[in-house]
Amino acid sequence: MNRPRIAIAGFQHETNTFAPGATTYADFEDGGGWPALTRGEALLNAFRPLNISIGGFIAAAEGESDLVPILWTNAEPAKRVTADAFDRISAEIIESIKASGPVDAIYLDLHGAMVTDEAEDGEGQLLRRLRAEFGDDLPIAASLDLHANVTSEMIRLADIITIYRTYPHLDMDATGARTWGHLKTILQHGNCPAKAMRQVNFLIPLSAQCTDFGPLSTLYSSLDQLGDHVISADNALGFPLADIADAGPAIVVYGVDRAAEKLCARFETHASDLPNQLLPPESAVQRASNNTSPKPVILADVQDNSGAGALADSTGLLKALLARSTGPSLIGALWDPQTAVAAREAGVGETFQATIGGRSGPEGVSPWTGEATVLAVSNGVFVCKGAMQRDVETDVGPSALLRIQGKNDVTDVLITSYRHQAIDREVFHHLGANLNDYDIVGIKSTVHFRADYTPIAAEILMVEAPGYSPCRMTRDMYQALRSKVRV
Ligand SMILES: [Zn+2]
C-alpha cells in the first residue's frame with residue numbers, strides 16, 4: 001500500500017493495588033518523571049530521541065508512513081486509576097482519532113498493568129472502546145512493558161502486541177521500532193497473524209526479575225530463535241503487586257500456536273525459582289560498612305520503590321544507616337514535600353529540627369526526627385544522562401540535600417517533593433552529591449537503578465526494609481488472583 005496513515009497514542013500506568021491513595025487525572029498531566037502529558041504534533045520531536053516505545057515507533061515508522069500523533073501520558077506507579085482519569089483520557093484518544101480523519105491503523109504505547117476503579121484490565125477496557133468505535137477490521141498494534149499482566153482480552157482485541165525484553169528497561173525504543181515492523185507487514189499483507197497466549201501460574205517478585213544475568217538473560221536472548229514460522233515471541237514477567245485474576249508472567253506468540261507451549265514450558269523450567277536474596281537493613285549496612293573499595297556499596301531499598309507504586313518515604317534503611325554505618329553514606333530519593341519546604345526555609349548551611357518521611361506507613365514505619373543541616377537545595381529539574389532515561393527532563397519538585405550526624409559518621413539524605421525512583425544518577429548530581437564521596441549509597445529502586453549505578457558500584461545488595469512494593473509476597477495477600485497461581 002501507499003504511505004499508511006497511522007494514529008499513535010500512549011497511555012501508561014502500572015497499578016499497585018496494595019499501595020494507598022489513588023491515581024488521578026492530575027497525576028497523568030504531570031508525567032511521573034517522564035515527559036508530561038503531550039498532545040498532537042509536539043509529540044514527534046519530543047519523543048523521537050527518547051528511550052520510550054512511542055519514540056522508537058516514530059523513528060522507525062515516520063519515513064514510511066504519515067503519523068497522526070494523538071497524545072502520550074504516564075503517571076508514576078501507584079494505586080488504582082480513578083474512573084474519571086481513565087474515562088477522560090480514553091475519550092480524548094478516541095475523539096482525537098475520529099477528528100483526525102480516516103486512519104489505516106492505530107499504534108498504542110501501553111503498559112499492560114493498569115487497574116482502574118472499575119476494571120482490572122485497563123488496557124483491555126481501552127481496546128474494547130477503540131473496537132466499539134472503529135470496528136474489528138482496523139489494525140491495532142500495541143507495545144507493552146515487561147511488567148504487563150497480559151490478558152486474553154488484550155490479545156483478542158489487538159492485532160499484534162510486543163513486549164520489552166529487558167529489566168532495567170533499556171529496549172523501550174527498540175520495542176516500539178519492532179512493533180512498527182510487525183504492523184507494516186500486517187498493512188502490506190492485509191491479514192493478521194495467528195496468535196497465542198499462555199499465562200504462567202506463578203508470580204515472580206520484582207527483585208528477582210533483573211534480566212542482566214542468570215536464567216532470564218538466557219531466556220530473553222533466545223526469543224528470536226524459535227523457528228521460521230514464529231513472527232513474534234515475547235515474554236512478560238508480570239507485575240506481581242496487583243491483586244487481580246490475570247497477574248503474573250505470560251508468553252505471547254504470533255505465527256504458530258505450538259511455539260507458545262514450547263516457550264511456556266521452557267519459561268516454567270528456568271524461571272520458577274529465581275534467586276531473591278534480600279538482607280535485613282542492619283545486616284546490609286553492617287556488610288557495606290566493611291567496604292574497602294574506592295567505589296560505594298549500593299544498598300537497594302527494593303520495597304520502597306515509587307516506580308512500583310510505593311511511597312518512597314519509608315525510613316527503615318535511613319535509620320539503619322544512622323545507627324550502624326561506618327564511613328559517609330547517602331540515601332535517596334526520599335519523598336517528603338514538607339521537609340523539602342522546611343529545608344528551603346532554613347536555608348543552605350543552616351541546621352534545623354527535621355521530621356523526615358515515615359508519614360504514611362506501612363505498619364511499623366515512623367518518621368525520623370532530629371537535627372539536619374541543609375547542604376543544597378534545588379527546584380528539582382534536571383536532565384537525565386543514564387541509558388534508560390537519557391535526555392528526559394525530569395522534575396522531582398523542590399528538593400534538598402540534608403546532612404545528618406549518625407552514631408559513627410554522617411548520612412546525607414536527598415529529599416524530593418514528588419515521588420521519584422532514583423533511576424538516574426543526575427538526581428544526586430544536580431544537588432552536588434558526588435557518589436564516589438560515599439562508602440554506602442542507598443537507592444529507593446528495585447532493579448532499574450542498575451543500568452546507571454552498576455558501573456560505579458563496588459557491590460549491590462538488596463535490602464528488605466518496609467515499604468509498599470513488597471518483594472516477598474505471600475498467598476494471603478491476594479483475593480482475586482487465579483487459584484492455581486503460586487506466590
Ligand atoms: Zn516495567
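A word on the source. This is a predicted model, where local features need pLDDT of at least 70 and side-chain atom pairs count only at pLDDT 80 or more, while totals for chains, interfaces and linings use all residues. Residues are numbered from 1 along each chain as its sequence is written, and side-chain values use heavy atoms, with hydrogens and water left out.

Now the cores. A nonpolar core is a set of buried Ala, Val, Leu, Ile, Met, Phe, Trp, Tyr and Cys residues, joined through side-chain atoms within 4.5 Å. Buried means under 20% relative accessible area, exposed means over 50%, and partly exposed is in between, with a 1.4 Å probe and protein chains only. In soluble globular proteins, nonpolar side chains tend to be buried together.

The largest nonpolar core has 110 residues. Ile6, Leu108, Val150 and Phe267 touch the most other members. Where does this core lie? Domain 1 and domain 2 both give residues to it, so it lies between them. Apart from it lies another core, of 30 residues, including Leu279, Ala372, Val413 and Ala465.

Take isoleucine 6 from the largest core. Set aside its neighbours within four places in sequence, and its contacts include Phe57, Leu67, Val68, Trp180 and Leu187. Serine 65 is also one of them.

Serine 65 sits in the loop between helix H3 (53–61) and strand E3 (66–74). Helices (H or I, at least four residues) and strands (E, at least two) are DSSP runs, numbered from the N terminus. Is serine 65 buried or exposed? Buried, because its relative accessibility is 2%. A polar atom of its side chain lies 2.7 Å from the backbone oxygen of alanine 61. Beyond four places in sequence, serine 65 is in contact with Arg3, Pro4, Ile6 and Trp180.

Next, a sheet. Three strands form an open sheet, in the order E7-E9-E8, with antiparallel pairing. Two strands pair if DSSP finds at least two bridges between them. The edge strands are E7 (195–199) and E8 (232–236), each pairing on one side only. Neighbouring strands are turned by 10° against each other on average, direction ignored. Such angles run from 0 to 180 degrees between N-to-C directions, with axes as lines fitted to C-alpha atoms, for helices over the stretch in contact.

E8 and E9 (residues 250–254) pair over 5 bridges. Alanine 233 stands opposite valine 253 in E9. Aspartate 234 has valine 252 as its bridge partner there. On the other pairing, 5 bridges join E7 to E9. There, arginine 198 stands opposite isoleucine 251.

How many residues of E9 are buried? 5 of the 5, so E9 is largely enclosed by the rest of the structure. Both faces are covered: Ala250, Val252 and Tyr254 on one side, Ile251 and Val253 on the other.

E11 (residues 329–335) and E17 (residues 410–416) run parallel, joined by 5 bridges. Leucine 330 has aspartate 412 in E17 as its bridge partner.

Asparagine 305 is in the loop between strand E10 (297–301) and helix H11 (316–324). With 2% relative accessibility, asparagine 305 counts as buried. Its side chain makes a polar contact with the side chain of glutamine 421, at 3.5 Å. A polar contact is a pair of N or O atoms within 3.5 Å; within protein, one must be able to donate a hydrogen and the other to accept it, and residues adjacent in sequence count only if both atoms are side-chain atoms.

Note on methods. Domains from an automatic or database assignment. Contact = heavy atoms within 4.5 Å.
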